[in-house]
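Here is a walk through one protein, going from the whole chain down to a few local details. Have the sequence and the 3D view open as you read.

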Amino acid sequence: MAVRRLFQSSCLQWALRAAFLKHVRCRTWGTYQRTHHGGRAYRAVIFDMGGVLIPSPGRVAAEWEVQNHIPSGTVSRALLEGGENGPWMRFMRGEITMENFLQEFGRLCSEMTQTSVPVDSFFSLLTSERVAKQFPVMTEAITHIRAKGLQTAVLSNNFYLPNGKSFLPLDRKQFDVIVESCLEGVCKPDPRIYKLCLERLGLQPSESIFLDDLGPNLKTATSLGIRTIKVNDPETAIKELEALLGFTLRVGIPNIRPVRKTMEIPQDSLEKYLRDSLGIQATGSLELLQFDHGQSNPTYYIRLANRQLVLRKKPPGILLPFAHAIEREFRIMKALANAGVPVPKVLDLCEDSSVIGTPFYLMEYCPGLIYKDPSLPGLEPSQRRATYTAMNRVLCKIHRVDLQAVGLGDYGKQGGYIPRQVQTWLKQYRASETGTIPAMERLIEWLPLHLPSQQRTTVVHGDFRLDNLLFHPEKPEVLAVLDWELSTLGDPLADVAHSCLAHYLPSSFPILRGFVDCDLTQLGIPTVEEYFRMYCLHMGIPPIKNWNFYMAFSFFRVAAILQGVYKRSLTGQASSANAEQTGKLTELIANLAWDFAVKEGFRIFKEIPATKPHTRSHHTWSRSQAPLSPPGTRSYSSVPEASTAGASKEALVISPEGLSPPVRELYHRLQHFMEQHVFPVESELQGHQASADRWNPSPLIEDLKEKAKAEGLWNLFLPLESDPEKKYGAGLTNVEYAHLCELMGMSLCAPEIFNCSAPDTGNMELLVRYGTEEQKARWLHPLLEGKIRSCFAMTEPQVASSDATNIEASIQEEDGFYVINGHKWWITGILDPRCQLCMFMGKTDPLAPRHQQQSVLLVPMDSPGINIIRSLTVFGLEDVPGGHGEVRFEHVRVPKENMVLGPGRGFEIAQGRLGPGRIHHCMRLIGFSERALALMKARVKSRVAFGKPLVEQGTVLADIAQSRVEIEQARLLVLKAAHLMDVQGNKAAALDIAMIKMVAPSMAYRVIDRAIQAFGAAGLSSDYPLAQFLAWARALRFADGPDEVHQATVAKLELKRHP
């Protein structure tokens, strides 16, 4: 952030978040290029932050000074006071905290003005989300730079916030390198910080371009040989950068054109409305263009000052009843955004037709990819499959939305969706009919006679297909689902069928291109069968027989829509330039719909004399298909939504939707990561566990760890009371983490991916609570970074180790060292080649009081004398690569400074270590149980025995009911214990902790056992996670203390409470 220019901006621009708009250019992911200009090869662009990526706070200071009656220029003069040794520069070098800076800064301001100056409010404003937002033009430029294979970096003078994090209000994933003055202890224009940035980029100065708004900073960069651009205005700077790089950095907004004559809107009144409603104060004329796509509601691109918007409106003229309901589009996108569904961010709904002639709404704009050609030319087969998988999964996310929780319970009628839709589109067709189409007449007669029974009611998009999805430009991730005009509540299978239209259309078909004439195997695109099976597995439902009906209905609806577009084209109302072509296409689509009706008729005819056939289950971790995705998201709409972070500590939150907004957003991001990255690779990881290389870490796990770390899903486990300053973790309460932990428990491999797996979690918390700074530096930091792993050696084969005071391993002081001797077993993780630390519990003084004899030492695993005897298995499972080892420690010498907390404190440490860990294990067990029950339900719906489906068997229904009840009971008890730990402390929650240790493993064991029984012999195989779930549920009745110990604890505490 520039010092001298920090407060010289003529006007503060409130940068908006980028919004969503279609971008059709496709490219191959992961390309790398150099850009040449004048004989130079540029490989990176380096950005300053303040005044370049985010607004210069000059206007903030000026307005703040006016609002607070502070003499103009006070803030600027105070910041410059003292030069390099002044409080501002020391603050940016990270030498003083914000608290100390504000004290000095406030004193300087007060001395200058001879009055009290509320500097806290200025910095609150300066760092607020309202002000510190990245310029959309810069976001767009960075996207294009990275798409060309160049690196991007931030080189910023910034400071620490009170929470200990640096002030960097940017999406870090945009940059390959981030260099911050407060972290490095050096500020621009010191040449060292520039050299550091170049070193991390791995580039020479001449290979990079640097953008800054301060002359001295640019001067130093130039002296080093870096090409520079002075930023006075982001738009102008981008033009100069384009000239250097040789390619465009702004959208040549795809598929736009001047507004069609029949679609013109009054720009003066629109501009006045935008300035009034959105508070746009900057000068500059409004730029208005029209998108040439959008067959129904006209859509416009708007640029005003630094704001880029999308406007969507009703078409002019007399409209068909209930058509073009943009108010519903606005409502559903606003609601779904709160449910974690990727949708455009809507800004404002204007129902006043006097503004531009019809109602309209506004969205934010940002670049992304929309694939107009469903065959995805330019992508590799694996990328095509990943794109369609992402499409399938976002559809499942839409269909899992809790209607009541997001306020959409009245968005449509419950049940009867297909009959209503048939009547609706019949009326629409009749209203726009221009001639008789025989196939449409046959469909109008046939469809009402073959209506399916609707099994579920969900949000339905109504026009869900690939070109209504905005994709991330660098990975197969859906950023936004667009065009919600036809959305309502209805039968989700109608959406699935509609999303498969391209499978039945030729590549030459206008408007809706397809790939029926392409080789899908060669392209890597899933077939209809594979795509539908993927959906069923993800949703936990059986396949349907009447797929042809849904396709007939989908094409009937498309035909009705095309007829409406054609009718409007005759009167000049259609928003698309090629709408007139649709007249002849309506009959072609109607004929295709009738073909599916005929197929469905043959299917019904063939089944008339037959009994119900046996249905093959698709719920298997087959080698050729991705594994089952997680069960449906549970939601309790009766729980009020938390409004502030940390609300979980004030009230018992029993549903993820009741978490505070930041934690709820974290929950949904974790859920998304599990769905996108974890569940699909379980079968591959299962194969690694059975391979000859199984004792080495899976490269796939290591890759997923990096992805999780990059997405901020890392070290979530440390409770707030252990890490109040959030130096090491996410700062979650036990209740908040319990909900996330359940999610991770749905996959055996998930906890390690997020660095939230035992025994590392307990060991890291031990170091946070009790470790010295030296111990933390050597062991905690590498563990937090995921560079090493650890183990905890306590259990011994010769004694009943459920009583920790029984341990016999010795720790004796000798020649300035501690020497340990002992025989330990069931040391989880010790066989992992990454394990570098063993926390060893032994006796330092056998004559001391019973609970003061034990101590804990930090033992490096490369210490001589550690002899691994064998690997122990759990019901035959090796738990690779960490395993469970039996080990002899023979004369192992450990430095005295490796003692934790002090001699005789081992029992105290062990108890402190296990507190939150008990919640972790129990909540993961509930994740086990939820996944097992979901698998069981899918299985019994798809299997037939003794003449009827298993789901109709009374004993099966009873098992499902009993499992649901037991899961809910255990979850509530776990959450109650977590809540008491948050509000009263671990000691006060001892009774509830002991109770959940009794309840959770046994509950999980019963639920999983019922699921295995429903699966039959398949449940015992490695094709499903059930066998492993069962083994660990049983093992945890020992691992965290035997049931009998917990039962005794509960009984003793109960007797104390009730004499």
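How many helices and strands does the protein have? There are 32 helices and 26 strands, where helices (H or I, at least four residues) and strands (E, at least two) are DSSP runs numbered from the N terminus. Keep in mind that this is a predicted model, so local features need pLDDT of at least 70 and side-chain atom pairs count only at pLDDT 80 or more, while totals for chains, interfaces and linings use all residues. Residues are numbered from 1 along each chain as its sequence is written, and side-chain values use heavy atoms, with hydrogens and water left out.

Let's take the overall picture before the details. Of the 1059 residues in the protein, 58% are buried; buried means under 20% relative accessible area, exposed means over 50%, and partly exposed is in between (1.4 Å probe, protein chains only). The accessible surface comes to about 42200 Å², and carbon and sulfur atoms hold 52% of that. These areas come from the Shrake-Rupley method with a 1.4 Å probe, and for residues only the protein chains shown count as cover. Now for contacts, meaning heavy atoms within 4.5 Å: among those with a separation of 6 or more, 73% link residues 24 or more positions apart.

Next, a couple of helices. Helix α30 covers residues 990-1015, 26 residues in total, and spans 38 Å from its first C-alpha to its last. That is close to the 38 Å expected at 1.5 Å a residue, the expected span being 1.5 Å times one less than the number of residues. Back in helix α6 (residues 136-147) you'll find T139. Leaving out residues up to four places away in sequence, T139 touches Q134 and Q174. The side chains of T139 and Q134 also make a polar contact of 3.0 Å. A polar contact is a pair of N or O atoms within 3.5 Å; within protein, one must be able to donate a hydrogen and the other to accept it, and residues adjacent in sequence count only if both atoms are side-chain atoms.

On to a hairpin. Strands β19 (residues 810-814) and β20 (residues 817-828) run antiparallel and are joined by five bridges; two strands pair if DSSP finds at least two bridges between them. Within this pairing, I811 sits opposite I820 in β20. Two residues lie between the strands, and D815 in this hairpin has a positive phi near 55 degrees. D815 is also exposed, with a relative accessible area of 66%.

D483, in the loop between β16 (478-481) and β17 (488-490), has a positive phi near 55 degrees. The bond from K188 to P189 is cis, with omega near 10 degrees, and P189 belongs to the loop between α7 (181-184) and α8 (191-201). V880 and P881 are also joined by a cis peptide bond, with omega about -5 degrees; P881 lies in the loop between β23 (866-872) and β24 (884-895).

Finally, the cysteines. A search of the whole structure turns up zero disulfides, a disulfide being a pair of cysteine sulfur atoms within 2.5 Å. For C536, the nearest cysteine sulfur is that of C396, 8.8 Å away. C536 is buried at 2% relative accessibility, and C749 is buried too, with a relative accessible area of 15%.
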